[in-house]
Amino acid sequence: MPEYKLRINGTSYSVDVDSDTPLLWVLRDELNLLGTKFGCGIGQCGACTVHFQGAAVRSCLIEVSTIGISEITTIEGLSEDGDHPVQKAWLEHDVPQCGYCQSGQIMNAAALLIENPKPTDKDIDNAMSGNICRCGTYVRIKQAIKTASNQ
Ligand code: FES
Ligand code: FES
């Protein structure tokens, strides 16, 4: 199997995997970065969202051979102490229920605020619509994003 060198959360890793292995599998099965969740595996739920070149992407859809030297950030690397404004707002609003979708929600919200620091309700709805929460925490997610956007 080919060897791939990856930059994830500021650390360099080397993995031996098939070229079409999705990044999500590399994160969870090869590197034990379990904060990124496997939901649908086909780009439909958002549970696997990470940052790739500073934008939110579905890691289940990115083949390892296409990543190159681009920096990947997972929920483990979003902040050193869980003090990213989005994470603080999530705590303030007590957003998670079961928690399964939440790292993907947080990574998507953080990417939204990089691109658009003061999103409107519609901007938030548009940006977050692909992140599914079976527990229905959408109202608190939206409140938390608005709080984070004011920090
Ligand atoms: S696991 Fe990637 S979008 Fe659902
Ligand atoms: S908090 Fe349970 S799926 Fe979102």
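In the predicted model, the side chains of Glu71 and Arg7 form a salt bridge, with N and O 3.6 Å apart. Glu71 belongs to strand 5 (residues 71-73) and Arg7 to strand 1 (residues 3-8), so the contact ties together parts that are 64 residues apart in sequence. Glu71 is partly exposed, at a relative accessible area of 31%. For Arg7 the relative accessible area is 31%, and this residue too is partly exposed.

Lys146 pairs with Asp121, and their closest N and O atoms lie 2.4 Å apart. Lys146 sits in helix 5 (residues 138-149), whereas Asp121 sits in helix 4 (residues 121-128); the pair therefore ties together parts that are 25 residues apart in sequence. Lys146 is partly exposed, with 32% relative accessibility. Asp121 has a relative accessible area of 36% and is likewise partly exposed.

Asp125 and Lys142 meet through their side chains in a further salt bridge, at 3.0 Å from N to O. Asp125 is in helix 4 and Lys142 in helix 5. The two residues are 17 apart, and the pair links distant parts of the chain. Asp125 is partly exposed, its relative accessible area being 40%. Lys142 has a relative accessible area of 23%.

How values were computed: Residues are numbered from 1 along each chain as its sequence is written. Chains are lettered from A and ligands numbered from 1 in the order in which they are written. This is a predicted model: local features need pLDDT of at least 70, side-chain atom pairs count only at pLDDT 80 or more; totals for chains, interfaces and linings use all residues. Side-chain values use heavy atoms; hydrogens and water are left out. A salt bridge is a side-chain nitrogen of Lys or Arg within 4 Å of a carboxyl oxygen of Asp or Glu. Helices (H or I, at least four residues) and strands (E, at least two) are DSSP runs, numbered from the N terminus. Buried means under 20% relative accessible area, exposed over 50%, partly exposed in between (1.4 Å probe, protein chains only).
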